[in-house]
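Please work through the following exercises with the structure in view. Each task is followed by a solution in steps.

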Amino acid sequence: MSDSTKPVYTREDLVAIGFDPVRDLGFPGEFPFTRGIQPTMYRGRLWTMRQYAGMGDAEESNRRYKFLLEQGTAGLSVAFDLPTQIGYDSDDPMSLGEVGKVGVAIDSIEDMERLFDGIRLDRISTSMTINATACILLALYVAVARRNGMDVRKLSGTVQNDILKEYIARGTYIYPIRHAMRIITDMFAWAQEEVPEWNTISISGYHMREAGCTAAQEVAFTLANGMTYVQAAIDAGLDVDRFAPRLSFFFNAHHDFLREVAKFRCARRVWAYIMRDRFGARNPRSWMLRFHTQTAGSTLTAQQPENNIVRVAIQALSAVLGGTQSLHTNGYDEALALPTEEAARIALRTQQVLACESGVAQTVDPCAGSFCIETLTYEMEQQVKAYLNRIEARGGMLPAIEQGWVQQEIQNAAYEYQRAVDQGETVVVGVNRFTREEEPPVPVQRVDEALERRQVERVRALRMRRDRGRWQSALERVKEHARSGENLMPAILEAVESYATVGEIAGAMREVFGEYQESVVV
C-alpha cells in the first residue's frame with residue numbers, strides 16, 4: 001500500500017481538499033460521472049462478463065468460446081497470436097514457433113469463419129484485442145457477418161485499436177506513428193457509417209500498468225492518448241459528438257484496493273471535463289468514460305498459484321465498486337501458461353459470485369462520500385492533472401512518446417516497485433514472505449505443436465485455390481488508398497473478401513508506409 005495513505009480519514013480531510021458533493025459527485029449518470037455513467041448502474045444491467053480467450057487455431061478457440069458461453073459469459077473477447085498481431089501469416093519465417101501460442105492464429109476470412117462457427121455475431125458482443133492490424137481484423141469480422149446474411153449495422157463489440165500504447169509499453173506496432181494514427185481515424189469515419197454500434201477503439205492503460213507504471217500514470221497516459229485520438233479525428237474533419245460516444249477505455253484492476261476504486265472514479269471525472277471543456281463536446285454521451293477492466297496479470301504468481309484466486313477476486317471487486325462496464329477475471333494459472341478450462345471456469349464464477357451473492361450490485365456507487373475514497377479520488381485527480389500538464393509542456397503525447405519520455409517514466413516506476421519487492425518493503429505472499437519449500441505441480445494448458453503445421457498448410461492451400469486476378473487487384477487498391485489518403489477500410493474489406501491474407505494486406509501497407517523504428521530508452 002502507498003506510504004501516503006493515512007491511517008484514518010475524517011471530515012476534515014474533505015474540508016481540506018475543498019470537497020463539494022454537488023460539483024465533485026453529483027448523481028449517478030450525471031456530469032461529471034464520478035458516481036458512474038448510468039443512473040441505476042448494475043441495478044439496471046450488470047457489467048458484461050467478458051472472458052479473454054484464444055489459443056491454437058480457430059477450431060480450438062471456437063470450442064473454448066462455446067464452453068465459456070455455456071458457463072454463462074455474456075461477451076466474447078478474442079486473443080490473437082503474435083504473428084496475427086504484427087501482420088505476418090502463419091507460414092512466414094517470422095512466425096516460426098509462435099503460431100497459436102499466445103492467442104488464436106487468424107490468416108484469412110476462412111479462419112475467421114471457423115473461429116465463430118455456430119455463434120451468432122449479431123446476438124453477441126465481441127471484443128478483439130488487436131492493434132496494428134485492427135483494421136484488417138475488423139474487416140474480417142464484418143465480412144463474416146455479411147457472408148452469413150447478418151445486418152452489420154447491428155454488430156456490437158470493440159476492437160482495441162490503441163496503437164499509441166503499443167509504442168509505449170507493448171511493442172506490437174508495424175507502421176510509423178503518424179501513419180498508424182491515420183489508419184485509426186479512417187476506422188472512426190468508416191465505422192460510424194457502416195457499423196454504428198461498434199466501439200472502434202479501446203484506449204488502454206492496462207498494458208502500461210502491466211509494464212510497471214503507477215495508478216496515476218496509468219490514468220494520465222491513457223487519457224493523454226485518448227486526447228490525441230480525439231484531436232486527430234477532429235483534424236481529419238470528424239464531428240466530435242458523432243465519434244466520441246463510441247470511444248471506450250480499458251483499465252487494469254491492481255492490488256491496492258482503495259486506490260484502485262478511487263482511480264476509476266477519478267478517470268471518469270477528469271475525462272468528462274476534458275471532453276466538455278477542451279474539445280467542446282455537447283452530447284452528454286461524449287463526456288462519458290465507458291471502460292472495460294481486466295484484473296492484473298502482472299500480480300499473479302507462479303508460486304502458490306491458488307493464491308491468485310484471492311487476488312483476482314479482490315481486484316474484480318475494486319473494478320465493480322469503481323463502476324466498470326465490462327470485466328475479465330484472470331485464471332489463477334496464467335503465470336504458468338494459458339488458462340485451463342478449470343481456471344477459466346473459476347475466473348468466471350468469481351464474477352458471478354460478486355454479481356449474484358455479494359450484494360455489491362444492489363447499490364449505486366456505495367463508496368460515495370467516504371472520507372477515504374473521496375480524498376484518494378481527489379489526490380489521484382491532482383496527480384493525473386500534473387502529468388497531463390507535463391505532457392502538454394512536451395508538445396503532446398506524440399512527441400513525448402517519440403522522445404521516449406513516457407517509456408522512461410514507466411521504466412522508473414517499474415524499477416522502484418521491483419526494488420521494494422526485492423528488499424521486502426512490499427510483500428508478495430508466497431514469493432518474498434509466507435513461502436513454501438516445494439511447489440506441487442499444477443496442470444497447465446498446452447498448445448498442440450501440430451496445430452502450427454496444420455495452420456501453415458491451410459494458408460498455403462488457400463493461396464493455391466483463390467482467384468489470383470481478383471486478389472491482386474484488391475491488394476493494389478489497398479496500396480492506392482494508402483498513397484492517396486482515401487479511406488482505407490473499403491479497400492481492406494474488399495481485400496479480405498477476395499481471400500487476401502492478414503500478412504498480405506499488412507505487407508501492402510508496409511510497402512507504402514514503411515515500418516516504425518523504436519527509440520532506444522536508456
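**Exercise 1.** How many salt bridges does the structure hold?

*Solution.* The model is a predicted one, in which local features need pLDDT of at least 70, side-chain atom pairs count only at pLDDT 80 or more, and totals for chains, interfaces and linings use all residues. Residues are numbered from 1 along each chain as its sequence is written, and side-chain values use heavy atoms, with hydrogens and water left out. A salt bridge is a side-chain nitrogen of Lys or Arg within 4 Å of a carboxyl oxygen of Asp or Glu. The structure holds 42 of them.

**Exercise 2.** Determine which residue forms a salt bridge with Glu-59, and where the two partners lie.

*Solution.* Step 1: the partner is Arg-458, with the closest N and O atoms 2.7 Å apart. Step 2: Glu-59 belongs to helix α3 and Arg-458 to helix α19 (residues 450-465), so that distant parts of the chain, 399 residues apart, are linked. (Helices are DSSP runs of H or I with at least four residues, strands runs of E with at least two, numbered from the N terminus.)

**Exercise 3.** Classify Glu-504 and Arg-463 as buried, partly exposed or exposed.

*Solution.* Step 1: buried means under 20% relative accessible area, exposed over 50%, and partly exposed in between (1.4 Å probe, protein chains only). Step 2: Glu-504 counts as buried because its relative accessibility is 14%. Step 3: Arg-463 counts as partly exposed because its value is 25%. Step 4: the side chains of these two residues, Glu-504 and Arg-463, meet in a salt bridge (3.0 Å, N to O).
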